[in-house]
Amino acid sequence: MSRQKRVIMAVIIFGSFIYIVLTQAVHILGGAPGEPVHPEIRKFCSSASRKNVNIEYEDSNLPVIYVVTPTYRRPEMVAELTRLGQTLTMVKRIHWIVAEDSHTCSPPITSLLDRLGLSYTHLASPMPEVYRREKYVPRGVSNRRAALQWVQENGEDTGVLYFLDDDNAIDIRLFNEMRLTQTVSMWPVGLIGEYTVSSPVVKGNQVVGFYDGWPAGRKFQVDMAGFAVNIGYLKKQKKVTMPYIAGHEEDGFLKSLNLNLKDIEVKADGCTNILVWHTRTAKNPSRTLRLAHHQATNIKPLTDNMRKMGMIK
Ligand code: UGA
Ligand code: MN
């Protein structure tokens, strides 16, 4: 073997060795950016599969919409979920997945889900501590990931997945728009960022880009409430994930679906209408009350109930 060939062989062998060491290191250290290093904690609390009791006739051929709502304990939680949940009672074939950022499921949410008369799943999955300490916290990711796993294991292939945060307001006509999604469908979301909207840019009924005040190098510049995914399509993808990277959850998730802009289905009258808003709710401090003079009045049981709802300490 000539000297030149020996050098080439050595380079190939050394190169392969380095490659193996690096890929193993990446694997051991947690893989791609935003992928968790340690196993995530997931708790399944309860589920109901039933006809929506609020609707007279439900066509069982209609694809189910799996609405995933991440939430966390704070004074507004019960109010937000009551408002959203009661909106959902008006919609056919909804399965609401409420995923708490917590080790356990909150009792007032369990009774709300029971009362609403919808199909539902109640889960809990706390954000790993390592992310809570970051400067920009990836909010609602651990719980959305737990819901995603549930949908991948239990969702009907004809169904549709939709992420709807608990601080959003929605027009129920959006559910008609998204219900027949074949791959991924998109529409504008109101009250987002610099432009007061985040929307796909559409030409000839095709998505050609995004109109969003915070491009941040994202391929898919969309809000969490701005798209829905067909579950059969989701299940066909090799590695579906949502990264623990604040601001890049939607982009990371959509990239993991191997989606091309040309495959996106355009909804809401060619992305000209707003049917969902990121309203956001003003935050209230969690107060401790003085009740010494009210042990014998209604104020005592009233505040006991407020405490059960997580409105006060
Ligand atoms: C915005 C987007 O609306 C989110 O979809 C996106 O995940 C987030 O930016 C991000 O880029 O990290 P934002 O309005 O800033 O979210 O945050 P919140 O509305 O407070 O949280 C998003 C969702 O996660 C809500 O449903 C909220 O209840 C839930 N959340 C928030 C948790 O589960 N845990 C938390 O500690 C905080
Ligand atoms: Mn929000």
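User: How much space lies in the largest pocket?

Analyst: A pocket is an open set of points on a 1 Å grid over the protein atoms alone, with protein on both sides within 12 Å along at least five of seven lines. Its volume is the space filled by probe spheres set on the points. Here that is about 1100 Å³. The model is predicted: local features need pLDDT of at least 70, side-chain atom pairs 80 or more, while totals for chains, interfaces and linings use all residues. Residues are numbered from 1 along each chain as its sequence is written, and hydrogens and water are left out of side-chain values, which use heavy atoms.

User: Which residues lie nearest the centre of the largest pocket?

Analyst: Lining residues have an atom within 4 Å of a point. There are 39. Arg139, Asp165, Asp167, His278 and Arg280 lie nearest the centre.

User: Which protein donors does the manganese ion have?

Analyst: Donors are N, O and S atoms within 2.8 Å of the metal (3.2 Å for Na, K and Ca); water is not among the atoms, so sites may look incomplete. For ligand 2, the manganese ion, they are Asp167 (OD) and His278 (NE2), 2.1 to 2.2 Å away.

User: Are Asp167 and His278 buried or exposed?

Analyst: Buried means under 20% relative accessible area, exposed over 50%, partly exposed in between (1.4 Å probe, protein chains only). Asp167 is buried at 16%. His278 is buried too, at 14%.

Conventions. Chains are lettered from A and ligands numbered from 1 in the order in which they are written. On a 1 Å grid over the protein atoms alone, a cavity is a set of points where a 1.4 Å probe fits but cannot get out, and a pocket is an open set with protein on both sides within 12 Å along at least five of seven lines; lining residues have an atom within 4 Å of a point.
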